Amino acid sequence: MNVDEYEYYNNLANWSFDDINYISENYTNWIYEDEIVKHSNKKTKILDLGTAAGEKVLKYFPDCLEILGTDFSKQMINEANKNLEKSGKKNIKFRVMNNLSMNTPDNYFDLVTARHTVIDPKQIHKTLKPGGYLIIRGVDKLDCWELKRMFKRGQGFQDKKPISFIDYEAIIDAGFKDVELIPLHVVEYYKSKKDLLALLLKAPILDNWSEESNRQSKKVIIEEDIFDKYVNKNITSKGIKLIRRYYGITANKK
Ligand SMILES: C[S@@+](CC[C@H](N)C(=O)[O-])C[C@H]1O[C@@H](n2cnc3c(N)ncnc32)[C@H](O)[C@@H]1O
C-alpha cells in the first residue's frame, strides 16, 4: 500500500462532486453505468473495488442479489455505511479491503467493477466466477493534458506508458478473454473559476502521481498565475473548458 495515497483518500472521506457546478459532454457512447446494467440481472453478485463512500453503488448500481463495496480507507467505508443506512437498501455491504491484497472468496462474483481506482487483474480473475465480467473505468494519461502541460506536472504526466495500456495488458496477462479497451473523450465546462479550482483541489489531477509505479507526491499548491492563464485561454460561452480523457475496459473470465 502507498501510504501517501491512503492518507489522501482518508482525508477526503467522500468522492462526491455534487457541490461543483459543471456540465459534461460525451464524445463517445460507452457509459460505465450502462455497461454494469447490461452485464447484470436479479441474480448477479457484484464486487465494487475502491468504492469510496459508496456514492456510485448507491445511486447507479442495478437492483441485484448482492453488492459488496470495498475501499482501503476506513473513513470512506464509515461514510459508505452511513449512506447505506440512509438508503435503506438491504442487498449492499461495505467493508475495508486493499485492492492489491484482496481477501474475497474464489470463483464467487459474477461482476467486478472498479472506477477510478487501482486494480490487480490476477486477484480479480480469481474472485470472479467462470463466465464473470470485469468492467473498469479509469483516468488516462492525456486527461486535462493542456492544463498538465502548463503546470508541467500531473497525474501520469511523467509516465512513459499510459495507464490504459498498463491495465489493458495486465488484464490480458491475467487470463481474461474478449478484452476491449475503449478510449472515452469527455469535455467539461466549469461555471466559474471557483468550480474548476474546487475540482483541482479535490482530484489529484495536478499532483505528481505516477501510475507506472503507483506513487504519489504530496498534494501540491496550485499556482494562481498559471491557473489564471489556463482559465483565460479556455473561457467559452458554456463555461471554462476542460478536456477529459478516460478509458473503459470490459473483460470476460471464460
Ligand atoms: C478516485 S476515488 C473513486 C471512487 C469511486 N470508485 C467512484 O468512481 O466514484 C478512488 C477510491 O479508490 C480507493 N483506493 C485507492 N487505492 C486503493 C487500494 N489500493 N485499495 C482499495 N481502495 C483504494 C480510494 O480510497 C478512493 O476511495
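**Close-up views of a predicted model**

**View 1. Trp 145 lies in helix α6, which spans residues 145-151.** Helices here are DSSP runs of H or I with at least four residues, strands are DSSP runs of E with at least two, and both are numbered from the N terminus. This is a predicted model, in which local features need pLDDT of at least 70 and side-chain atom pairs count only at pLDDT 80 or more, while totals for chains, interfaces and linings use all residues. Residues are numbered from 1 along each chain as its sequence is written. Trp 145 counts as partly exposed because it has 16 C-beta neighbours inside 10 Å; a residue is buried if 20 or more other C-beta atoms, placed from the backbone, lie within 10 Å of its own, exposed if 12 or fewer, and partly exposed in between. Between Trp 145 and Gly 88, the separation is 57 residues in sequence and 41 Å in space, C-alpha to C-alpha.

**View 2. The largest nonpolar core has 29 residues, of which Val 112 and Leu 134 touch the most other members.** A nonpolar core is a set of buried Ala, Val, Leu, Ile, Met, Phe, Trp, Tyr and Cys residues joined through C-beta atoms within 7 Å. At least two residues of this core come from each of β2 (45-49), β3 (66-71), β5 (109-115), β6 (128-139), α7 (163-173) and β11 (239-252), and β6 gives the most, with 6 residues. Apart from neighbours within four places in sequence, Leu 134 is in contact (C-beta atoms, placed from the backbone, within 7 Å) with Val 112, Ile 124, Leu 128, Ile 171, Phe 176 and Ala 251. Tyr 189, Leu 196, Leu 200 and Ile 240 are among the 11 residues of a second, separate core.

**View 3. Strand β2 is mostly covered, with 4 of its 5 residues buried.** β2 pairs with β3 in the parallel sense over 5 bridges, where pairing requires that DSSP finds at least two bridges between two strands. Leu 47 has Leu 68 in β3 as its bridge partner. From β2 the chain crosses through helix α3 (residues 55-60) to β3 in a right-handed β-α-β crossover, meaning that, with the strands pointing away from the viewer, the path from the first strand over the helix to the second runs clockwise. β2 also runs parallel to β5, to which 4 bridges join it, and Leu 49 stands opposite Ala 114 in β5.

Terms used: Contact = placed C-beta atoms within 7 Å.
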